[in-house]
Amino acid sequence: MKKLTIAFLMLVTGITSFAAMAANPKVKLETSHGEIVLLLDAQAAPESVANFVLYVEDGFYNGTVFHRVIKDFMIQGGGFEQGMKKKDTRAPIKNEANNGLKNLRGSVAMARTGDPHSATAQFFINTVDNSFLDHSGKNTRGWGYAVFGKVILGMETVDRIRNLQTGTSGMFRDVPVEPVIINKASLIEASE
């Protein structure tokens, strides 16, 4: 059944590599402040992982920035280029926050607007435990934010980024004064 689900997601999303949709694909983010390696959980969050992997394979994240940094909360990226130029995205995906994964320090989750099912390309890495972001019910306040993986290498890079000075850029707050560029995001391997 698992292989059928993965094969279906590959067909629907256009992902061509079975390794990209294996149970635990890994993605390396090469940033201007160091590397971060993410281990994704396609079993718990298949749609979120397929969506993220497709953006990675398309090179979408290359040249984007971590545009929102709040030291004792999270670092958010994946939607803007330098100068806060927003990138065009695909259609939103279903919120999978009820998958049992928690917004703990080092977990990676889908960013979204107030609409529970509005996540596209933006993601965030929790810099502390943020249980208030976890799913608590299928209502506007309780949907939560879908965790789909975790940092397995590079928490020192996350901590370096979280400690940067921030300010405003146009209408945006909590923007790092020194840009944090995702130079390249790439799929590096899959674990069984």
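Start at the largest pocket: 26 residues line it, and Q76, A111, R112, T113 and Q122 lie nearest its centre. Select those five residues and centre the view on them. Keep in mind that this is a predicted model.

**The largest pocket**

The pocket you are looking at has a volume of about 560 Å³. Which strands each supply at least two residues of its lining? Colour β3 (64–70), β4 (74–81) and β10 (172–176) to see them. Strand β4 gives the largest share of the lining, with 5 residues. If you colour the lining by class, you will find 11 nonpolar, 9 polar and 6 charged residues.

**The whole chain**

The secondary structure comes to 3 helices and 11 strands. Following the chain along its sequence, the order reads α-β-β-α-β-β-β-β-β-β-α-β-β-β. The chain has 192 residues, and 51% of them count as buried. Among contacts with a separation of 6 or more, 68% are between residues 24 or more positions apart.

**Confidence**

Colour the chain by pLDDT next. The mean for the protein chain is 91, and 86% of its residues reach 70 or more. Which element has the lowest mean pLDDT, and which the highest? Helix α1 (residues 2–13) has the lowest, at 50, and strand β7 (residues 123–126) has the highest, at 99. Select residues 1–6: their pLDDT is below 50, and the stretch has 5 contacts in the model beyond near neighbours in sequence. Where pLDDT is low, the predicted coordinates should not be read in detail.

**Strand β3 and V69**

Return to strand β3 and select V69, which lies in it. Is V69 buried or exposed? Its relative accessibility is 2%, under the 20% cut-off, so V69 counts as buried. Leaving aside neighbours within four places in sequence, show the residues in contact with V69: M74, I75, I161, R162, T166, D174 and P176. Then draw a C-alpha to C-alpha distance from V69 to V175: these two are 6.2 Å apart in space and 106 residues apart in sequence.

With a relative accessibility of 22%, D174 counts as partly exposed, because the value lies between the 20% and 50% cut-offs.

Move on to M84, in the loop between β4 and β5 (85–86). Phi of M84 is also positive, near 60°, and this residue too is other than glycine. The relative accessible area of M84 is 12%, so M84 is buried.

**Aromatic rings**

Show the side chains of the aromatic residues. The structure holds 11 aromatic pairs. Why is the pair of F124 and Y145 called edge-to-face? The ring centres are 6.0 Å apart and the planes stand at 70°, and an angle over 60 degrees counts as edge-to-face, so the pair falls in that class. The pair links distant parts of the chain: F124 is in strand β7, while Y145 is in the loop between β7 and β8 (147–153), 21 residues apart. F124 is buried, with a relative accessible area of 4%, whereas Y145 is partly exposed, at 23%.

For the next selection, take F52, Y55, F60, Y61, F66, F123 and F148, which form one aromatic cluster.

**The cavity**

The last stop takes up Y145 again, this time as one of the residues lining the largest cavity. How many cavities of 30 Å³ or more are there? The count comes to 1. About 40 Å³ of space lies in the largest cavity. To see what surrounds this space, select I93, K94, N95, E96, M110, R112, P116, A119, G144, Y145 and A146. The lining of the largest cavity divides into 6 nonpolar, 2 polar and 3 charged residues. R112 is among the lining residues here, and R112 is also one of the residues that lie nearest the centre of the largest pocket, where the tour began.

Notes. Residues are numbered from 1 along each chain as its sequence is written. This is a predicted model: local features need pLDDT of at least 70, side-chain atom pairs count only at pLDDT 80 or more; totals for chains, interfaces and linings use all residues. Side-chain values use heavy atoms; hydrogens and water are left out. On a 1 Å grid over the protein atoms alone, a cavity is a set of points where a 1.4 Å probe fits but cannot get out, and a pocket is an open set with protein on both sides within 12 Å along at least five of seven lines; lining residues have an atom within 4 Å of a point. Grid points are joined across faces, edges and corners, and a volume is the space filled by probe spheres set on the points. Ala, Val, Leu, Ile, Met, Phe, Trp, Tyr, Cys and Pro count as nonpolar, Asp, Glu, Lys and Arg as charged, and the others, Gly among them, as polar. Helices (H or I, at least four residues) and strands (E, at least two) are DSSP runs, numbered from the N terminus. pLDDT is the predictor's confidence in each residue, from 0 to 100. Contact means heavy atoms within 4.5 Å. Rings of Phe, Tyr and Trp (its six-membered ring) pair if their centres lie within 6.5 Å; planes under 30 degrees apart count as stacked, over 60 as edge-to-face and the rest as tilted. Buried means under 20% relative accessible area, exposed over 50%, partly exposed in between (1.4 Å probe, protein chains only).
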